[in-house]
Amino acid sequence: MTTDGRVTAVQRAGHALRRVPAVYRSAAVGLQAVGRVRRAGQLNRYLRDTPADKRKLALGSGAMTSTGWLCTDLVPVKPSVMYLDAVRRWPVPSASFRYVLCEHMFEQVPYDAGLRLLAEARRVLHPAGVLRISTPDLDVVRLLPDSQDPDVQEYVRWSNRTFGSPAERKEEDNPVHALNRVMRSWGHSYLYDETTLRHALLLTGFRQIRRCLPNESEHAELLGGDRHAALIGELPNRVESLILEATA
């Protein structure tokens, strides 16, 4: 398992900053204010310059941007990222995108808000457009203390070494530390198993739901869209991720 040290440092810094709510809120409010001002221009340029069948919208992209995608985030930390509160109505025309990617941000909103997000994704997609959603898999997380899978056990050690407190790092084999972290850290609000996520997609009008592995898709335009592994490494991403693609 390899992880870019610079990216891991950014992850740790972001994790630490969230522990100082006043500082985090102040920084976020400033970035959001700037994002609101420039949003209309960003959206209009993207829609003007990108053919309809190539338009791809990424939700919660953070600092990770990809060529050809309109990358968005609640806190746009880069000028190329468009401000978007994904649980409110999006200022995006209906049926204007071919693909929507929601990678490891869906778990940060409560269930009802998640349904609103899915409904908006369904609205802005072309007929037969595709949503790809990746989120921590509750079926894996809830079994962390009992798993004998070597990859899962390495995931536990990685999580404790990378994000644990000094005491937790001394107990890097303890899966309970890793379980609590996935449930409580990084703004996580609601974790899904496959059954619940499929149900939410069906409720909001999606169909033809298919489970995928990281960097696997029947749609060429979605290949390479997964970026979470660049932040945490291939093995942790593969172990923790539940990935579904659904057709509008």
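Helix α5 (residues 150-163) packs against helix α7 (residues 175-184) at an angle of about 70 degrees, and their axes lie 9 Å apart. Axes are lines fitted to C-alpha atoms, for helices over the stretch in contact, and angles run from 0 to 180 degrees between N-to-C directions. The angle therefore makes α5 roughly perpendicular to α7; angles of 65 to 115 degrees count as roughly perpendicular, those under 35 as roughly parallel, those over 145 as roughly antiparallel, and the rest as oblique. Helices (H or I, at least four residues) and strands (E, at least two) are DSSP runs, numbered from the N terminus.

The structure is a predicted model, in which local features need pLDDT of at least 70, side-chain atom pairs count only at pLDDT 80 or more, and totals for chains, interfaces and linings use all residues. Residues are numbered from 1 along each chain as its sequence is written, and side-chain values use heavy atoms, with hydrogens and water left out.

The crossing of α5 past α7 is left-handed, the near helix being turned anticlockwise from the far one by less than a right angle (clockwise for right-handed). In this crossing, Tyr155, Val156, Ser159, Asn160 and Phe163 of α5 meet Pro175, His177, Ala178, Arg181 and Val182 of α7, contact being defined as heavy atoms within 4.5 Å. The contact of α5 with α7 comprises 6 nonpolar, 3 polar and 1 charged residues. Ala, Val, Leu, Ile, Met, Phe, Trp, Tyr, Cys and Pro count as nonpolar, Asp, Glu, Lys and Arg as charged, and the others, Gly among them, as polar.

Tyr111, Leu115 and Leu118 of α3 contact Thr196, His199, Ala200, Leu201 and Leu203 of α8. By class, this contact has 6 nonpolar, 2 polar and no charged residues.

Gln32 is located in helix α2 and is buried, at 14% relative accessible area (buried, under 20%; exposed, over 50%; partly exposed, in between; 1.4 Å probe, protein chains only). Leaving aside residues up to four places away in sequence, Gln32 touches Leu74, Val75, Pro76 and Tyr83. Val34 also lies in helix α2 (residues 21-49), but is partly exposed at 44% relative accessibility. The C-alpha atom of Val34 is 9.2 Å from that of Pro79, 45 residues apart along the chain.

The average pLDDT, the predictor's confidence in each residue from 0 to 100, is 91, and 90% of the residues score at least 70. Residues 1-8 have a pLDDT below 50, and this stretch makes 16 contacts in the model beyond near neighbours in sequence.
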